[in-house]
Amino acid sequence: MLFALARTRASLSTLREHRFVTFAVLTDTIGAGLTLPLTIVYFTLTTDVPLAAIGVLSTVGSLIALPIGLIGGALTDRFGAKASMILNNLMSAAGFALYLIAHDPVMIFAAIFLVNASERLYWTSWTAYVHDLADGRPFERWFAFLEATKAAALGTGAIIAAVTLAHGPGGLRWLVLANVVTSVAAAVVFASQRTGRRFTAATEAIGRGGRTGSLREFAADRSMRLITLGQFLIGPAMVLPNVALSVLFVQRWDMPPAVAPVQFAIATGLCALLQTTVTERVAGLHRGRLIAFGAVLTALTAVPLVFLPALHGAAAWTYVVLVAVLLAVADMVYLPAANAVMAEAPHPRIRGRAIGVFQTAGSVGMALFPLTLGLLDSPVPWTLWVVTSAVFVAAAWAWHAALQGLSGRVRIASAADLDA
């Protein structure tokens, strides 16, 4: 009981200390939850553009937006993570504003591109922003708290969207308009806040072993290359549930389409409730092992599918819930550790650009993973799950190997980090 009360007081203290940033995260992420699953549906219901064309526009827009993560890294290094956070929210607002007036392929493409570009910029700037917010330490605590906040907000937004759409598709435009408003509101709040220390010449030399912070040095560093590879390989974990698993459950196991949002709700609900607790319990452990453990847990959701026949009824739903729990635990264990490494491992001079490279590698992995779905229609459909499992096991190896060449401060959070 005393432990629970102490945890509650700590959480409330965190909430009070960064209440405005917490509000911005809540506002922005609730808006994302309103529209996250609706992009294709929205344009099919509000325009006369064929579904196939919308699919092509969505794919092309997503691929062209990938380099924005790299550009965002340069912007973060030049103007700071806060400026990038403001910009990504304004880009999101502009993209969703175009949703409201898009009726032809050109406008649809522009809207999808802007929204995807803001997403790529967000993932580049978010890790650096939390690093600044935490003033360098304890990164995992701040990241875990804000990720739990985001999970709760995302689930809330999805529930609001479901209730709104239950009364008919007419609410679609109101959901999009609400996302425009929340994105602008979040940008205003981020603009009003101060973050941690900015890069200075004094911090350049701390624990850097004489490194100069050049991009050539970054490219030549084996650990940086392995982190990039690890991000590329673990990227598919972000789309595994709503791409491969949802197709299997609905098309092969004949489950209702609601299986995807149910699994999503379970995973986000667990993250909202338990993220900070899990992060506290694993504090002080080797980050490479935590990331590898998360990747292996993700692989374990696919391994049984190599051997399992099609499940039905209670057995199928049991597997869906088990997968949701495993994915939630994997995310809670590896995400704070991975983001801490991505923020701490590069030289401060190029932190934004390095994070841009890492996150873009993950985005490429996400973009390419759907290409493997054709294996489901092959004579040996279980090959998809063999490939999926192998990719995540390889990710575990890459991340663990990457951290072997990094300093002790990056491999394991210091005592000062954990006690701060």
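Which residue forms a salt bridge with Asp-77, and how far apart are the closest N and O atoms? The partner is Arg-353, and the closest N and O atoms of the pair are 2.7 Å apart. This report describes that contact and its surroundings in a predicted model.

**Salt bridges**

The structure holds 2 salt bridges. In the pair already named, Arg-353 belongs to helix α17 (residues 351–368) and Asp-77 to helix α5 (residues 68–79), so the contact ties together parts that are 276 residues apart in sequence. Arg-353 is partly exposed, with a relative accessible area of 28%. Asp-77 is likewise partly exposed, at 22%.

The other pair consists of Glu-344 and Arg-409, whose closest N and O atoms are 3.7 Å apart. Glu-344 lies in helix α16 and Arg-409 in helix α19 (residues 408–411), so this bridge ties together parts that are 65 residues apart in sequence. Is Glu-344 buried or exposed? With a relative accessibility of 9%, Glu-344 counts as buried because the limit for that class is under 20%. Arg-409, at 35%, counts as partly exposed.

The two pairs are set out below.

| Salt bridge | Closest N and O atoms |
|---|---|
| Arg-353 with Asp-77 | 2.7 Å |
| Glu-344 with Arg-409 | 3.7 Å |

**Nonpolar cores**

The largest nonpolar core has 72 residues. The residues with the most contacts inside this core are Ile-227, Phe-249, Trp-253, Val-341, Trp-385 and Trp-399. Helix α16 gives the most to the core, with 12 residues. Another core lies apart from the largest one and has 17 residues, including Leu-57, Ala-93, Ala-102 and Ala-111.

What does Ile-227 touch, leaving aside its neighbours within four places in sequence? Its contacts are Val-341, Met-342, Ala-345, Phe-358, Trp-399, Ala-402 and Leu-406.

Helix α15 (residues 287–300) has 14 residues, and the distance from its first C-alpha to its last is 20 Å, close to the 20 Å expected at 1.5 Å a residue. This helix is mostly covered, as 10 of its 14 residues are buried. The buried positions are Arg-287, Gly-288, Leu-290, Ile-291, Ala-292, Gly-294, Ala-295, Leu-297, Thr-298 and Ala-299.

Thr-268 is found in helix α14 (residues 259–281). Thr-268 is buried, with a relative accessible area of 11%. Not counting residues up to four places away in sequence, Thr-268 touches Ala-151 and Leu-154.

Val-325 lies in helix α16 (residues 313–344). Its relative accessibility of 33% makes Val-325 partly exposed. The C-alpha atoms of Val-325 and Ile-266 are separated by 7.3 Å, although the two residues are 59 residues apart along the chain.

**A nonpolar surface patch**

Which residues form a nonpolar patch on the surface? The patch is made of Leu-229, Phe-232, Leu-368, Leu-371 and Trp-397, which together have about 500 Å² of accessible area. Of these, Leu-229 is placed in helix α12 (residues 222–234). Leu-229 is partly exposed, with a relative accessible area of 35%.

Terms used
Residues are numbered from 1 along each chain as its sequence is written. This is a predicted model: local features need pLDDT of at least 70, side-chain atom pairs count only at pLDDT 80 or more; totals for chains, interfaces and linings use all residues. Side-chain values use heavy atoms; hydrogens and water are left out. Helices (H or I, at least four residues) and strands (E, at least two) are DSSP runs, numbered from the N terminus. The expected span of a helix is 1.5 Å times one less than its number of residues. Buried means under 20% relative accessible area, exposed over 50%, partly exposed in between (1.4 Å probe, protein chains only). Patches are made of residues with over 30% relative accessible area and no salt bridge: like charges are joined within 9 Å, nonpolar side chains (Val, Leu, Ile, Met, Phe, Trp, Tyr) within 5 Å. Accessible areas come from the Shrake-Rupley method with a 1.4 Å probe; for residues, only the protein chains shown count as cover. A salt bridge is a side-chain nitrogen of Lys or Arg within 4 Å of a carboxyl oxygen of Asp or Glu. Contact means heavy atoms within 4.5 Å. A nonpolar core is a set of buried Ala, Val, Leu, Ile, Met, Phe, Trp, Tyr and Cys residues joined through side-chain atoms within 4.5 Å.
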